[in-house]
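Hi,

Here is the structure I promised to pass on. Have a look at it first, then read my notes below.

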Amino acid sequence: MFLEPESIEYALLGGGLLGGGGGGWLEEGRKWAQAAFATGNKPRLISLDALPADAVVATVSLVGSPAAKERYCEPSDGVAAIELLAQRLGSRPTALITSENGGAATVNGWFQSAAMGIPVVDAAANGRAHPLGVMGAMGLDLLADYRSLQCAVGGNPRTGQRIALAVEGSVSSASDLVLHAAELAGGMVAVARNPVSPAYLKENAALGAISMALELGQLIYTTHAQGGRAVAAALAKTLRGEIIVEGEVCEYALARRAGLDFGRVVIGDCELVFWNEYLTLERHGRRLATFPDLIATLDARTGEPVVSAAVCRGMKLNCISADKSSLRLGAGMRIEAHFRRLEEISGKEIVPYVFGPRSSCHAKASG
């Protein structure tokens with residue numbers, strides 16, 4: 001089906017929620033989505049079943065730090081990244097998927113679809129946002145004979161930060177090089193990467209991830225007139241989650257670590273630690289939720305999702321959480337080694353809560 005302009009706000013709001021603190025700024029996503037319709041064409045969303053068996057599907061994304069002040073990445077850079085990928089493949093990909101859901105990420109590929117006539121599949125490499133590129137590789141890093149091809153474009157040419165990069169190697173090393181390229185480009189690059197078959201997507205991608213974002217976004221849009229608390233309650237009910245805390249941000253810290261935004265947020269008696277995405281949620285040292293559980297902050301007045309990089313002291317927020325079982329997750333969320341890097345960066349225990357004995361015994365928020 002062809003997407004309509006009214007779907008933009010649904011995608012941004014639902015994607016922003018599923019970003020769990022990351023996934024890019026809603027304003028960035030709005031710019032890219034509006035640019036898609038400004039081409040005079042409409043982006044096309046298709047089901048995976050609509051593709052022939054020999055189709056080649058590439059993942060598209062924005063990689064880098066949403067808080068970077070020198071970030072410069074335009075919709076045309078997304079097209080340039082695909083063209084760079086096509087040069088290496090010998091032809092353009094048949095279809096595209098986004099790397100993840102997020103305020104900007106959910107509309108990844110919309111501009112390229114409208115400008116290039118390439119459809120977007122109703123799927124994502126991961127149905128929620130994640131800090132490491134390898135987490136959106138759908139398990140390709142476990143295939144000994146798979147060589148990752150990743151193409152990145154971004155940076156302001158007027159400041160000498162323009163970068164166009166094509167790299168082949170292991171998924172991990174190629175992802176690290178792309179993240180480094182984002183740093184050199186001022187903080188952000190558009191990426192096209194990891195071409196795979198529909199059969200591989202069927203087993204390893206988060207199918208229906210875009211539809212889920214659109215549905216949640218419509219719920220936020222139609223409920224916001226009732227206030228932020230009503231939005232939070234509706235989302236918590238739909239996702240089988242909870243409103244954890246409502247209050248004023250009393251502490252906030254943000255720094256750059258390994259090319260991403262790292263910090264902590266304290267709302268009332270709850271602490272959230274993030275690396276782009278919220279990784280942990282604790283009350284008085286008791287763990288309430290752990291990535292890839294959804295931990296999201298919402299504007300207490302409007303219910304609009306607020307990314308971690310946009311939080312500031314004095315802001316009034318609702319924090320909700322939902323168990324990972326309520327989300328659509330890709331194969332990258334099932335690989336324990338990926339989560340050890342999160343422990344190194346955050347200094348928090350994560351693996352035991354995701355894969356170990358604590359994985360089914362998070363303290364109840366109301367406890």
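Where is the place of Pro-292? Pro-292 sits in the loop between strand S13 (286-290) and strand S14 (294-299); strands are DSSP runs of E with at least two residues, helices are runs of H or I with at least four, and both are numbered from the N terminus. The peptide bond from Phe-291 to Pro-292 is cis, with omega near 15 degrees. Most peptide bonds are trans, and most residues other than glycine have a negative phi.

Before you go on: this is a predicted model, where local features need pLDDT of at least 70 and side-chain atom pairs count only at pLDDT 80 or more, while totals for chains, interfaces and linings use all residues. Residues are numbered from 1 along each chain as its sequence is written, and side-chain values use heavy atoms, with hydrogens and water left out.

Two residues have a positive phi without being glycine. Met-138, in the loop between strand S4 (120-124) and strand S5 (148-154), has phi near 55 degrees. Met-138 is buried, at 0% relative accessible area (buried means under 20%, exposed over 50%, partly exposed in between, with a 1.4 Å probe and protein chains only).

Cheers
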